There are 2 protein chains.
Amino acid sequence: MFPKEPDRNKSFRALINGIAADSVNIQDRGLHYGDGLFETIAIRNGQPLLWDQHMQRLCHGCERLRLPVPDVNLLRQEAESLCTGVTRAVLKILLTRGSGGRGYKAPVQPKPTRVVMRYSWPVYPEMNQTEGVAIRLCSTRLGHNTQLAGIKHLNRLEQVLARNEWDDPAIAEGLMLDHDGGVIEGTMSNVFIVENETLITPELSQCGVQGILRDHVLEIAEKLTIKCSVNTVSLAQVKSAQELFLTNSIIGVWPVRKFAEVNYTVGRITKNIIDKLES
Amino acid sequence: MFPKEPDRNKSFRALINGIAADSVNIQDRGLHYGDGLFETIAIRNGQPLLWDQHMQRLCHGCERLRLPVPDVNLLRQEAESLCTGVTRAVLKILLTRGSGGRGYKAPVQPKPTRVVMRYSWPVYPEMNQTEGVAIRLCSTRLGHNTQLAGIKHLNRLEQVLARNEWDDPAIAEGLMLDHDGGVIEGTMSNVFIVENETLITPELSQCGVQGILRDHVLEIAEKLTIKCSVNTVSLAQVKSAQELFLTNSIIGVWPVRKFAEVNYTVGRITKNIIDKLES
């Protein structure tokens, strides 16, 4: 009898610049300054979902940080090589400016570090999607920076601080405000409200991450002829919303059933979007 | 004849959790989120300068990020073991929350990664200190975050973006403003002005790094009975200042001789502080 093959859906694996490895150079600027970007991608039946959109955001982030744009075809090959035969997994791509001397000045010709990682698919309760989740308000605020807003860079201490404000496993996510008190996003998700039959998601020109699933949901809503708006969103608007839901590439759509003292039901627009997303 | 010993003042060396190594685990939260802190310390004749102050800031940063406080004696042993017989070097200590699964939530019992690195001493022109440096204004602004202000955390993209706004080696540093337009610091240094015989440095409750040499200069100034103030500083105040200088643990004090179109001379208070610092 052959030894049992390791469960390809469970074990962590990484390629660094195309080579199987489990560590990066201690002088990498990703570690020293968070000088880089990442993408978190859902894998289904060996294939990455919304790949083009993820690569577009990654390349846009490279332009913002003046990082050399990666070879997207190579990334795809590496992603597929890690995920062949895998039913469900999370693929994380991490791109840094590579190793540089001490100091913020970037090397004239940076040699980026390209990391492709496969993680096991997280197990969330089924009812998160069917009945919705309970969420809270975080006290950690998002600072403004137009150069960093929208992109998925490696400076994530605000999210780490916010996510560690609570331990209660019954609370699935925390909403974050910016310094003006506007609602921006969850610690790991984007947020949508329904108000007067209009789907609204916060605009992210000053801070926040422009989620791939956020944009995808906006496209779906348009196809469903749901009126959409990308705008400032206040806490009062969230509390009085007809519907409230969260999105990210891994969770998909989670309706919110409770935020602070307010209860919500899984509404028609939310349901339509979930149905369309899964079709 | 024995082979020539490698120049201990030049080669890079690192200890990771006490063991000589040159790479960190690919899942380290320092790399993924910038979830950690660092210190940059001057070494002279094998000994770290202002060690207690650096350790105080590091431990204060740990409290802010809720990181386990490191064993300071162990760090000192590791620092000395790297620097024995070294005339001048830069010691960099980097502390992260260690490896964690995917996601912002910190492990319940994190195992921090402790990195102690020795770099060669940078060669700056002698005249930087005697005649002063030319500096510029950066367009990259510092975002506000009271939880992260002051501490030397690993989220340094703002500094990376700011430092990469210019290539001209004749420009030694760039000043950074916050979102309210106040002067906060240089990309790698703190800033001081002299106005009406008073030494003023920007207050850092919203953003910026509370430099060890900044605090040391304030102490020196007090001993020299120079009137000091930690306050908001406007660009207009910098431009009309009698004296202007920069500080950090490696450069010490650099007077500024030119900022934008304004010329400055190395003034009496700046000179007194440099003299006292070197005595």
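This report looks at the overall build of chain A and then at one residue of chain B, B:N155.

The model is predicted, so local features need pLDDT of at least 70 and side-chain atom pairs count only at pLDDT 80 or more, while totals for chains, interfaces and linings use all residues. Residues are numbered from 1 along each chain as its sequence is written, chains are lettered from A and ligands numbered from 1 in the order in which they are written, and side-chain values use heavy atoms, without hydrogens and water.

Let's start with chain A, which holds eight helices and 16 strands (DSSP runs, H or I of at least four residues for helices and E of at least two for strands, numbered from the N terminus). Because its radius of gyration of 19 Å is close to the 19 Å that the globule rule gives for 279 residues, chain A is as compact as a globular protein of that length (the radius is taken over C-alpha atoms, and the rule is 2.2 Å times the number of residues to the power 0.38). Its C-alpha trace spans about 55 × 50 × 40 Å along the principal axes. Of the 279 residues, 55% are buried, meaning under 20% relative accessible area with a 1.4 Å probe, protein chains only.

Now to B:N155, in the loop between β8 (133–137) and α5 (157–163) of chain B. B:N155 is buried, at a relative accessible area of 9%.

Beyond neighbours within four places in sequence, the contacts of B:N155 include A:Y33, A:N155 and B:Y33, with contact meaning heavy atoms within 4.5 Å.

Conventions
Buried < 20%, exposed > 50% of the residue type's maximum accessible area, 1.4 Å probe, protein only.
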